[in-house]
Amino acid sequence: MLATYALGSCIAVSAYDPETRIGGLLHFMLPASAEDAAKAAANPFMFADTGLKTLFARIAEAGGRQDRSHICLAGGAQLMDHKGVFNIGKRNHTAARTLLWRTGLMVQAEAVGGTVSRTVGLEIASGRFWVREGALAEREIYRASKTGRVNGTPCPDC
Amino acid sequence: MNHTDTSSLIASCAESALATMFFTAIVGPSQEIPAEHPSAGPGGCIRARVRFVMEPGGFLELAAEPQTLRGIASAFAAEETDAVSADQVEQTACELANVICGSVLRSAPEKSRFKLLPPVLVPEDSGALPSADVHSARLATEYGWVQISFAWNA
Amino acid sequence: MAHRVLIVDDSALARRFVRRVLELSGFEVEHYLEAGNGMEAIKVILSGRVDLVLTDINMPEMDGEDFIFWLNQHEWLRRLPVIVVSSDSCQIRIRRLTEIGVRGYVAKPFTPEVLRSEIDRVIGRAA
């Protein structure tokens, strides 16, 4: 299982190809690598654009397909400690959605906004994506399956 | 509804429209600004107006610089910025004005029966807005400022 | 079943947005048809099979409401699923259109996922 913790204004992007059971989980802090090219080169996962690009490259290297990936989002909360950047939770969410839209990927489920910190996980064996919000219990918000087309790709089992 | 409430409502509806359907982030606080002709840079300004029929009726006008609308259009259409045509830039102004107007009317406490008319482009030099009671907000988007003005007919 | 989908909106860019949502949503679409107003939409309907209509309301020449009333006047078209996709969400109008058979309503602004869900609800996933 892949998990990432204490998502405040950051966004987690889960991508899972149910055909190959290849998946990845990205946790990024800021919308655009143009804000700091040096930091992006050192740590591409810090930014939405370089982070998503690297995530899908790693999935492809492992044998998964971007266009077959089921995408889930979590995070983007408005917290008191916003690192001095205006509206950073919403901006991160918009950045993720925009990049996915431009790439041709739909979001299957999301748990975003509000003021709570979140912990999320992706179970590789089952394609289950779960979220734990604040002190609440873990809840499943999506389970990827092979039956059903996403992102316009042909469904092998339909 | 008082002046500040209306300007806040406009800003909120515009921010929601830009983020959800036009994939454009707001990068600074919105400003309630005096009702005035939108000021633009050397590239000029595109203005799109939507009239609505209601008791009373009114209009909403959107103004932005062309390069701002080009950025918004590229996100909306999922195209590269330099692939966006001038016609698509104007359509984006019109559609965005249309969407924000519908959102404001849906949210306003005075809402009742209303009908939106198709949006139109307004010549940049057409002068001041045709109403004495205009509420305006200027939003800082990631592509530049967008100014929204809203008025009920007298 | 692969659908023939008619998208009606006076904004070509808005039609393109709706089409992209359909393309990315995985619905089986055999053919996309487009119209810029109610009159053009009627011509498309009369010229061939249409399985789903997604229409705006405020358009020039003939608006979406009049187009939907025209559909309702023809028995053979009453079962055609229609989803309104519009910034105009006056409750009185929505009620009136629902009474004459409009099956779905998506208010602009909407996310692609909201439109996908509404289309899913109205026509279900194609096999």
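This is a predicted model: local features need pLDDT of at least 70, side-chain atom pairs count only at pLDDT 80 or more; totals for chains, interfaces and linings use all residues.
Close-up 1. You can find A:Cys72 in strand E4 of chain A, which covers residues 70–75. Is A:Cys72 buried or exposed? A residue needs 20 or more other C-beta atoms within 10 Å to be called buried, and A:Cys72 has 24, so A:Cys72 is buried. Look also for A:Ala15: 57 residues separate A:Ala15 from A:Cys72 along the chain, yet their C-alpha atoms are separated by 6.8 Å.

**Close-up 2. Chain B on its own.** Chain B contains 3 helices and 7 strands. If you trace chain B along its sequence, the pattern reads α-β-β-β-α-α-β-β-β-β. Of the 154 residues in chain B, 53% are buried. Now consider the contacts in chain B with a separation of 6 or more: 69% of them join residues 24 or more positions apart.

**Close-up 3. The largest nonpolar core.** Here is a general idea to keep in mind: in soluble globular proteins, nonpolar side chains tend to be buried together. In this model, the largest nonpolar core has 123 residues, and those with the most contacts inside it are A:Val13, B:Ala14, B:Leu62, B:Ala93, B:Ala97 and B:Ile100. Which helix gives the most to this core? That is helix H3 of chain B (residues 86–107), with 10 residues. Take B:Ala14 as an example: leaving out residues up to four places away in sequence, B:Ala14 touches B:Ile100, B:Ala137, B:Leu139, B:Val146 and B:Ile148.

**Close-up 4. Where chain B meets chain C.** Chain B brings 24 residues to this contact, and chain C brings 21 residues. On the chain B side, at least two residues come from each of helix H1 (3–20), helix H2 (66–77), H3 and strand E4 (115–116). H3(B) gives the most to that side, with 11 residues. Sorted by class, the side of chain B that touches chain C has 12 nonpolar, 8 polar and 4 charged residues.

Close-up 5. H3(B) packs against helix H1 of chain C (residues 12–25) at an angle of about 85 degrees, and their axes are 8 Å apart. Angles of 65 to 115 degrees count as roughly perpendicular, so H3(B) and H1(C) are roughly perpendicular to each other. At this crossing, B:Gln88, B:Gln91, B:Thr92 and B:Glu95 meet C:Ala12, C:Leu13 and C:Ala14.

Note on methods. Residues are numbered from 1 along each chain as its sequence is written. Chains are lettered from A and ligands numbered from 1 in the order in which they are written. A nonpolar core is a set of buried Ala, Val, Leu, Ile, Met, Phe, Trp, Tyr and Cys residues joined through C-beta atoms within 7 Å. A residue is buried if 20 or more other C-beta atoms lie within 10 Å of its own, exposed if 12 or fewer, and partly exposed in between; C-beta atoms are placed from the backbone. Helices (H or I, at least four residues) and strands (E, at least two) are DSSP runs, numbered from the N terminus. Two residues are in contact if their C-beta atoms, placed from the backbone, lie within 7 Å. Ala, Val, Leu, Ile, Met, Phe, Trp, Tyr, Cys and Pro count as nonpolar, Asp, Glu, Lys and Arg as charged, and the others, Gly among them, as polar. Axes are lines fitted to C-alpha atoms, for helices over the stretch in contact, and angles run from 0 to 180 degrees between N-to-C directions. Angles under 35 degrees count as roughly parallel, over 145 as roughly antiparallel, 65 to 115 as roughly perpendicular and the rest as oblique.
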